[in-house]
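Look at the sequence and the model first.

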Amino acid sequence: MKNLYISLSFMLAAQFAMAQNKDTEKADKLFSRFEYIDAADEYMKLTNKKDPYVYRQLAESYYNMFNSKEAIKWYEKAVKSKQDSEIYYHYAQMLKAEGRYEEANAQMLTFAKMAPKDQRAIIFMKDPDYLPKLKSQTKLFDEQYLDISDKKYTDFGAVLNDDKSFYFTSTRNTVRRKYGRNEEPYLDLYVATYQGDGKFSSPEPVTEINSKWHDGPATITADGNTMYFASESFKEGKFEKDNGQQTGLLYIFKATKVNGKWGNVEALPLNDKRWSSANPSVSADGKTLYFSSNRTGSMGETDIWKVDIKGPNSYGKPENLGPKVNTEGRESFPYITSDNKLFFSSEGRKGFGGYDVYMIDLNSDGEAINLGDPINTPKDDFSFTFNASQNVGFFASNRLGTDNLYMATPICGVEVIVTVRDKKTGKIIPAGKVAILDDRNNVIETRTADANGKVTYSVDCDTDYTVQASIEGYKTDNFPAEKKHGGEVVVMADLEPLDDLIVGDRVVLNSIYFEYDKSNITPQAAFELNKLVDVMKSYPEMVIEAQAHTDSRGSDEYNMKLSEQRAKSVMQYVVSQGISRERITGKGYGETMPKVNCGDNCTEEEHAKNRRNEFVIIKR
């Protein structure tokens with residue numbers, strides 16, 4: 001009862017306030033009669049007075065017509081003066097409708113501060129970055145600093161094997177001589193045992209591999225018996241001379257396990273004293289080795305390459321992974337997963353700054369994606385690896401000043417793959433507009449279908465979404481995206497030609513729903529009415545009578561009045577979308593023209609059939 005009293009008090013206060021302003025009396029009366037187009041025309045005449053009240057009422061008129069562009073224009077002026085909380089909420093909704101999510105969030109924050117107990121505010125404050133996050137990129141991982149890191153010295157190149165052995169590279173061995181270029185000890189390879197939840201046994205140096213030169217990172221075959229690792233060419237007695245100084249190159253070596261110990265170290269034949277090769281990653285089947293190199297044929301300073309492993313010491317010709325992966329900058333630290341997804345680091349792509357981590361699915365023709373926050377930062381983020389059996393990844397970052405190790409825990413995500421087609425012919429429709437809607441039918445983002453009629457969205461797991469597809473000449477329609485825990489959801493958006501909406505002397509739409517006892521246009525109603533607008537634009541001579549009918553519940557007078565208001569709202573919305581008012585009329589019939597003549601003994605289903613809007617073609 002208290003909330004109802006507050007609502008009524010606000011309504012009466014607003015009406016009283018309007019009655020006090022003689023300049024706006026005519027416009028206010030039109031507004032109170034739901035004649036929003038005419039009200040807007042009258043308020044427009046008063047804008048030279050620069051009255052915040054006029055700006056607000058103009059915005060609210062357009063809000064009730066769901067004309068988001070005009071509403072935003074006047075809300076922007078209105079909120080320069082303090083308004084009640086609902087105005088900021090309406091403003092936010094109009095901004096969302098135009099895809100201006102950051103600005104919408106700013107208005108929602110104002111609303112939430114003014115009305116913190118409002119459920120809409122509570123829901124928003126639980127996740128204020130919901131829409132911008134989806135628009136820019138769905139969060140893919142959570143990250144956690146690993147205590148196995150040495151805060152003073154460098155750690156990177158971590159890889160977890162299925163036997164839970166955890167190899168990484170570090171300069172923590174202070175007994176070692178220092179490397180002149182950074183005054184840290186030379187790199188050594190270490191191993192620990194993964195105990196789960198970011199915990200490890202105490203790391204031990206891999207003494208069979210470590211030398212007086214830099215050693216690591218490493219990759220190990222699925223059977224645990226072969227290691228490929230990077231080290232310096234000095235091991236082979238090979239180096240470059242720079243101004244008389246001997247400079248070692250990075251080479252890739254192989255070792256095998258004998259009686260539980262690594263041995264039989266040998267350099268791969270792909271090494272050459274003209275270039276470096278490093279950061280190896282072996283495929284799950286042991287047949288392909290990915291690595292980074294500045295060898296001849298590279299697109300940039302360093303590229304990602306791969307080579308076939310043909311036998312114990314037999315390899316194919318190294319192959320550059322091309323522009324899908326490499327740039328004119330530096331790409332390095334490849335890691336190939338068991339399902340053929342390649343993680344790599346790049347400073348040549350659009351990112352947060354420094355090295356960022358990217359992923360590309362080599363099974364498809366897609367593009368590399370930035371793993372986003374929190375994996376990537378303005379600092380260097382690199383050497384990302386992933387163990388599918390443990391469902392956990394690891395990477396290195398200098399976000400705290402030193403290269404340290406982090407754990408990456410996947411956040412469940414789903415790819416919604418939409419294809420737009422002609423429902424009659426099955427032909428692909430390119431360049432259609434495809435929007436993704438949340439479970440409250442808010443538009444999150446709109447994209448344009450490619451030449452194959454396809455659009456892909458990355459969305460959250462276990463969440464309901466709707467896909468909305470539209471293009472000129474076709475009926476705009478919604479398609480559910482199946483709620484799923486990971487993987488892909490395929491949506492075939494089959495659109496009907498607009499001509500199919502014309503049935504006899506009617507334009508047939510889905511039900512136009514209004515809120516109980518109200519007549520303002522809702523987003524759901526606007527979605528359906530836009531189909532009528534499209535038909536009328538395709539048939540410029542068409543004239544429509546928008547009819548509103550009620551069921552038999554309620555008094556005759558009440559039903560007639562409500563149907564008149566709803567018919568008028570429908571007519572005004574269509575006019576606001578660019579249709580001449582001479583081409584559409586609105587008439588309410590109350591309960592006088594039931595579709596099912598069931599008297600006072602109607603079932604709920606029969607009431608629903610009688611409670612309808614019809615669009616009669618007067619002239620075609």
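This is a predicted model: local features need pLDDT of at least 70, side-chain atom pairs count only at pLDDT 80 or more; totals for chains, interfaces and linings use all residues.

Residues are numbered from 1 along each chain as its sequence is written, and side-chain values use heavy atoms, with hydrogens and water left out.

**Salt bridges**

The whole structure holds 29 salt bridges (a side-chain nitrogen of Lys or Arg within 4 Å of a carboxyl oxygen of Asp or Glu). Among them are these:

| Pair | N to O distance |
|---|---|
| Arg506 and Glu614 | 3.6 Å |
| Asp551 and Arg553 | 3.1 Å |

Arg506 sits in strand 35 (residues 506-507) and Glu614 in strand 38 (residues 612-619), 108 residues apart. Strands here are DSSP runs of E, at least two residues; helices are runs of H or I, at least four. Glu614 is buried at 16% relative accessibility, while Arg506 is partly exposed at 26%. Buried means under 20% relative accessible area, exposed over 50%, partly exposed in between (1.4 Å probe, protein chains only). Asp505, Arg506, Arg612 and Glu614 form a network of salt bridges.

Asp551 is buried, at 8%. Arg553 is partly exposed, at 39%.

Over residues 52-85 the chain is 74% helix and 0% strand. Lys80 lies in the loop between helix 5 (68-78) and helix 6 (85-97). Lys80 is exposed, at 69%.
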